[in-house]
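Here's a quick briefing to go with the model.

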Amino acid sequence: MKLYSDEELAEILDQEIFHQISRIIDQLGVDGYVVGGYVRDIFLERPSNDIDVVVVSENPSDWEEGCGIKVARALAKSIGRRAHLSVFKSFGTAQVKFRDEGKEFEIEFVGARKESYSHDSRKPIVENGTLEDDQNRRDFTINAMAICLNGSRFGELVDPFNGLADLEDGIIATPLEPGVTFSDDPLRMMRCIRFATQLNFQIEPETFEALERMADRIGIVSAERIEVELNKIMMAPHPSIGLEYMQRTGLMQIILPELAALDIVEKRGNRAHKNNFYHTLEVLENVCRTRNDKQGREPSDFNYQLWLRWGALLHDIGKTKSKRWDPLVGWTFHNHNAIGAKMVPEIFRRLKLPMGAEMRYVQKLVDLHMRPIVIADDVVTDSAVRRLLNDAGDDIDDLMTLCEADITSKNQVRKARFLENFRIVREKLDDLKEKDYKRLLQPVIDGNEIMEIFHLKPSREVGTLKQCLKDAVLDNKVPNEREPLMQLLLQKAQEMGLA
């Protein structure tokens with residue numbers, strides 16, 4: 001980060017848009033301040049075109065329409081046809097969007113206000129207030145700094161809670177007593193963890209204690225708002241920071257109890273299984289270190305990096321339900337992949353995550369994540385790799401990325417052997433793709449033709465015949481051509497008494 005004097009801040013804000021706002025607020029006889037994330041990001045030297053402006057007026061007549069709305073209307077008029085104005089009168093806010101010299105600007109105006117929440121409400125009671133009131137209601141000290149835009153004080157920093165010092169020290173703290181801040185809007189608990197994750201900051205001890213004490217208050221917040229913060233944590237450079245904070249504070253037990261339940265180590269005699277919660281975080285970090293540009297995907301396709309990370313987060317989610325003690329081999333987690341895959345839709349539904357292609361993609365990764373490991377733990381055969389490619393389809397590279405990330409063994413010899421076998425699997429996959437096997441994996445005789453030949457309706461018999469042909473193609477027992485497949489089909493049908 002970089003520290004600036006008021007004079008240097010004035011130079012940074014020496015842009016036509018800020019001078020336009022300055023002229024307007026001076027003409028209207030109100031005070032205006034740039035606040036929040038835009039100010040924070042100036043000191044962090046991060047570019048931003050999303051600007052929040054708080055307008056302060058002592059004139060009650062300005063409060064009727066909203067002094068922030070008045071300034072926004074005047075700015076939109078000043079900019080002209082390039083500006084798009086949106087007014088949210090019930091919230092006392094307005095937004096001006098426009099494009100200038102190739103940059104998109106989004107400026108939100110709001111009148112200074114006080115907010116309070118009843119214990120069981122998600123909606124605040126809003127009153128007009130002073131700049132001090134507005135800064136009091138901010139979530140964290142690093143977001144409570146303001147820079148004046150009025151001509152006589154242009155560039156002056158107003159920092160009543162020493163947010164600049166916290167920014168310099170890498171600390172997340174609340175302006176008021178944290179219990180008050182979190183009680184006003186419990187989503188701030190998730191935002192606290194999100195900022196700590198994105199910025200790699202420490203949470204101040206009193207603030208952390210309030211997170212632990214008030215975790216159950218997150219229950220009044222809508223799943224949609226939580227989802228936004230959760231996905232921002234997931235897309236941070238090191239999401240495990242935030243996920244561990246969620247676990248330590250008790251928020252994880254409320255939001256994603258299936259993951260929280262993995263944080264246990266059971267021991268029988270001298271045999272113990274690993275902590276699958278921290279194993280999951282390690283796998284997730286391994287995935288984050290892997291470049292995953294998804295070249296060749298259509299621009300409209302979903303964010304594969306986000307959902308690959310979700311696949312890593314949920315890949316062992318079925319281990320709690322599948323855990324068994326076997327006196328001969330110790331702790332086992334048989335079929336945890338299949339059990340976990342069945343759990344994915346309910347988790348997505350509860351968290352209000354998308355239930356379409358994104359959910360199916362994550363479910364597939366969870367379901368198949370053991371397959372490459374099983375192949376790599378044995379002789380890597382063409383047949384096994386063909387089946388894997390057939391089942392994984394376009395997501396085979398992501399599945400391999402997840403499986404390689406899943407090798408977290410501290411036994412370096414075993415780890416090296418797995419990774420070498422994964423390299424062989426990848427080579428065989430590349431070879432199959434080059435030979436265009438992927439196109440040939442589905443038998444040329446399909447289920448509709450089977451039903452027509454044997455006068456069958458959709459049934460178990462049709463499925464058995466289809467699987468027979470598919471197995472033969474995948475195992476390379478017959479070429480994927482009509483004549484040899486028809487001979488095999490007739491032979492199998494005769495064995496089943498159908499011909």
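A network of salt bridges links Asp139, Arg191, Arg194 and Glu229; a salt bridge here is a side-chain nitrogen of Lys or Arg within 4 Å of a carboxyl oxygen of Asp or Glu. Keep in mind that this is a predicted model, where local features need pLDDT of at least 70 and side-chain atom pairs count only at pLDDT 80 or more, while totals for chains, interfaces and linings use all residues. Residues are numbered from 1 along each chain as its sequence is written, and side-chain values use heavy atoms, with hydrogens and water left out.

**Salt bridges**

- The structure has 28 salt bridges.
- One of them joins the side chains of aspartate 139 and arginine 191 at 2.6 Å, N to O. This pair links distant parts of the chain, 52 residues apart: aspartate 139 sits in the loop between α6 (131-136) and β8 (146-148), arginine 191 in helix α9 (residues 187-199). Helices (H or I, at least four residues) and strands (E, at least two) are DSSP runs, numbered from the N terminus.
- Aspartate 139 is buried at 8% relative accessible area, while arginine 191 is partly exposed at 23%. Buried means under 20% relative accessible area, exposed over 50%, and partly exposed in between (1.4 Å probe, protein chains only).
- Glutamate 177 and arginine 213 also pair up through their side chains, at 3.9 Å, N to O. Glutamate 177 is in the loop between β10 (171-172) and α8 and arginine 213 in helix α10 (residues 205-214), so this bridge ties together parts 36 residues apart in sequence.
- Aspartate 41 and arginine 46 form a salt bridge too (2.9 Å, N to O); aspartate 41 is buried at 9%, and arginine 46 is partly exposed at 37%.

**Around threonine 181**

- Threonine 181 lies in helix α8 (residues 178-184) and is buried, with a relative accessible area of 1%.
- Leaving aside residues up to four places away in sequence, threonine 181 touches Arg138, Asp139, Thr174, Pro175, Leu176 and Arg188. Contact means heavy atoms within 4.5 Å.

**Cysteines**

- There are zero disulfides, a disulfide being a pair of cysteine sulfur atoms within 2.5 Å.
- For cysteine 67, the nearest cysteine sulfur is that of cysteine 148, 14 Å away. Cysteine 67 is buried, at 7% relative accessible area.
- For cysteine 288, the nearest cysteine sulfur belongs to cysteine 403, 16 Å away. Cysteine 288 counts as buried at 17%.
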